[in-house]
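Thanks for coming, everyone. Please have a look at the model on the screen, and then we'll walk through it.

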Amino acid sequence: MDLGIRGRKAIVCASSQGLGKGCAQALADAGVALVINGRNRQQLDKTADEIRRASGVEVTPVVADVSTREGQVALLAACPAPDILVNNNGGPPYRDFRELDRQAMLTGLTMNMVTPIELIQKVIDGMAARNFGRIVNVTSISVKMPLSGLDLSSGARAGLTAFVAGIARSVAAQNVTINNMLPGSFDTARLRDGFSAAAKRSVALESEIAEREREAIPAQRFGTPAEFGQTCAFLCSVHAGYITGQNIVLDGGAYPAAF
Ligand SMILES: NC(=O)c1ccc[n+]([C@@H]2O[C@H](COP(=O)([O-])OP(=O)(O)OC[C@H]3O[C@@H](n4cnc5c(N)ncnc54)[C@H](OP(=O)(O)O)[C@@H]3O)[C@@H](O)[C@H]2O)c1
């Protein structure tokens, strides 16, 4: 399917690996010029080369912490008028909520709620004026389903979800959409870190924990960043202009509800 976005420009935050990289790759395959981002220069340059070689699109790597003011300025300087913004970031570490001090909570909120909102503030009026914009926020299934040890992540992302629900409606007439993607378990470094942390807290091996998690998913497998990215690219396509303010669950059936 031609997504109708060839020649468009995207900022994909936190995209040197994992889900962000999957989104960047799929957008590049659709002909979108990219600004990609991460804090580790070596990994980011490697990903930029890989995407450039595979797709032929222009890929600009911006080494920056997206949660900082300077990081956001650098991203916008590399792409002042993006047509597409994919908001992604690291997530808070797994932690019993009793161990979270005020600073840890503020840091989690900054990463997963304040940062995406700040970036939306910076791009949304330009998108509306140009009559095209696609904003996708990577959140988590934990917005809908409690995950022990990820309470801060759930709270910050639920806050973001509620915050953007009204904003999405305010720009729909200008062909600007805002949607959230809710990953369940995708095979990335973040998922594997979670298994390794769980193994340290229990007597089970990391591989046993991973196997138990996999078996609990109706699809009997973890998701891939590539399939996550293809859904993101579709939400950014011309065909998805009537989808806005939605929460798209990608979890192999793990969230056990009819609605
Ligand atoms: N994988 C899953 O199953 C899953 C499920 C639910 C929710 N999520 C959420 O989805 C998001 C992406 O997860 P993932 O699994 O793709 O993680 P990942 O494989 O660890 O990749 C994270 C990416 O974000 C970059 N990054 C992290 N912090 C950054 C920062 N402050 N500024 C700029 N770039 C940053 C990393 O590069 P550098 O480290 O070099 O900066 C890397 O490219 C996370 O918020 C995660 O909590 C993931």
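Which residues make a nonpolar surface patch of about 210 Å²? They are L106, L109 and V114. Keep in mind that we are looking at a predicted model. Take L109 from that patch. L109 belongs to helix α4, which covers residues 102-130. Its relative accessibility is 33%, so L109 counts as partly exposed. The cut-offs matter here: buried means under 20%, exposed means over 50%, and partly exposed is in between.

Now the sheet. In what order do the seven strands come? Read along the open sheet and you get β3-β2-β1-β4-β5-β6-β7. The pairing is parallel. Look at the edges. β3, residues 59-63, and β7, residues 247-250, each have a single partner strand, so one side of each has no neighbour in the sheet. The sheet also twists, by an average of 15° from one strand to the next. Strands of a sheet pair through backbone hydrogen bonds, and the pairing can be parallel or antiparallel.

Strand β6 is residues 176-183, and four bridges pair β6 with β7 in the parallel sense. Find L182 on your screen. Opposite L182 is V249, in β7.

Next, the helices on the sheet. Helix α8, residues 225-235, packs on the sheet and touches β4, β5, β6 and β7. The direction of α8 makes about 165° with that of β6. What about helix α1, residues 18-29: which strands does α1 lie across? The answer is β1 (9-12), β2 (33-38), β4 (84-87), β5 (133-138) and β6. Helix α1 runs at about 170° to β1.

How many of the six residues of β5 are buried? Six of the six are, so β5 is largely enclosed by the rest of the structure. On to a partner strand. β4 and β5 run parallel and are joined by four bridges. Here N87 sits opposite N137 of β5.

Time for a loop. S15 sits between β1 and α1. Is S15 buried or exposed? S15 has a relative accessible area of 0%, so S15 is buried. Which residues does S15 touch, if we leave aside neighbours within four places in sequence? The contacts are G20, K21, A24, I36, N37 and T47.

Two other loop residues deserve a stop. Start with N175, in the loop between α5 (151-171) and β6. Phi of N175 is near 65°, which is positive, and the residue is not glycine. N175 is partly exposed, because its relative accessible area is 25%. Then go to Q220. You will find Q220 in the loop between α7 (206-215) and α8. Phi of Q220 is also positive, near 65°, in a residue other than glycine. Q220 has 40% relative accessibility, so Q220 counts as partly exposed.

Last topic: charges. Side chains of opposite charge can pair when their charged atoms come close. How many salt bridges does the count come to? Eight. I'll show you three of them, one at a time.

First up, D187 and R192. Their closest N and O atoms are 2.5 Å apart. D187 is partly exposed at 39% relative accessibility, and R192 is partly exposed at 40%.

Now turn to helix α7. There the side chains of E211 and R214 meet in a salt bridge, at 2.6 Å from N to O. These residues are three apart in α7, about one turn of the helix. E211 has a relative accessible area of 34%, so E211 is partly exposed. R214 comes in at 23%, so R214 is partly exposed too.

And finally, E227 and R221. This salt bridge spans 2.8 Å, N to O. E227 is partly exposed at 30% relative accessibility. R221 is partly exposed as well, at 42%.

That's my tour. Let's take questions.

Methods. Residues numbered from 1 in each chain as written. Predicted model: local features only at pLDDT ≥ 70, side-chain atom pairs only at ≥ 80, totals over all residues. Heavy atoms only, no water. Patch = residues over 30% accessible without salt bridge, like charges linked within 9 Å, V, L, I, M, F, W, Y side chains within 5 Å. Areas by Shrake-Rupley, 256 points an atom, 1.4 Å probe, with all protein chains shown as cover. Salt bridge = Lys/Arg side-chain N within 4 Å of Asp/Glu carboxyl O. Buried < 20%, exposed > 50% of the residue type's maximum accessible area, 1.4 Å probe, protein only. Pairing = 2+ DSSP bridges. Axes fitted to C-alpha atoms, helices over the stretch in contact; angles between N-to-C directions. Contact = heavy atoms within 4.5 Å.
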